[in-house]
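Visitor: Please show me the structure, and then let us go through a few questions about it with some care.

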Amino acid sequence: MQRKKTREELLTAPYLSKTDICTLYGVPWAVAVRVFTLAKEADAEALGDRIVYPTKVRLTSTLAVQGLTLATLQRQIKGGL
């Protein structure tokens with residue numbers, strides 16, 4: 001059985017799955033699916049046919065969908081939010 005990744009570990013991951021999005025942002029599954037879908041569309045537009053993982057999206061794309069910067073998310077995680 002795999003170990004669940006921590007939020008700190010996910011901050012360093014370049015690609016995220018739906019489960020990773022749930023953990024990282026602390027959102028319910030339905031919200032994670034919506035974020036994943038919007039990020040997937042952004043990746044498809046930006047990368048075209050150069051998408052590496054069909055079941056994952058880039059961390060930067062999820063941050064853009066959420067309207068956050070990496071520094072803001074790091075502060076939120078460090079602060080315990």
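Visitor: What percentage of the 81 residues in the protein is buried?

Guide: This is a predicted model, in which local features need pLDDT of at least 70 and side-chain atom pairs count only at pLDDT 80 or more, while totals for chains, interfaces and linings use all residues. Residues are numbered from 1 along each chain as its sequence is written, and side-chain values use heavy atoms, with hydrogens and water left out. Buried means under 20% relative accessible area, with a 1.4 Å probe and protein chains only; of the 81 residues, the buried share is 31%.

Visitor: Is aspartate 20 buried or exposed?

Guide: Aspartate 20 belongs to helix 2, residues 18-25 (helices are DSSP runs of H or I, at least four residues, numbered from the N terminus). Its relative accessible area is 8%, so aspartate 20 is buried.

Visitor: Which residues does aspartate 20 touch, not counting those up to four places away in sequence?

Guide: A contact here means heavy atoms within 4.5 Å. With residues up to four places away left aside, aspartate 20 touches Lys5, Leu10 and Tyr15.

Visitor: In what order do the elements of the protein run from the N terminus on?

Guide: The protein has 5 helices and 2 strands, a strand being a DSSP run of E with at least two residues. From the N terminus on, the order is α-β-α-α-β-α-α.

Key: Buried < 20%, exposed > 50% of the residue type's maximum accessible area, 1.4 Å probe, protein only.
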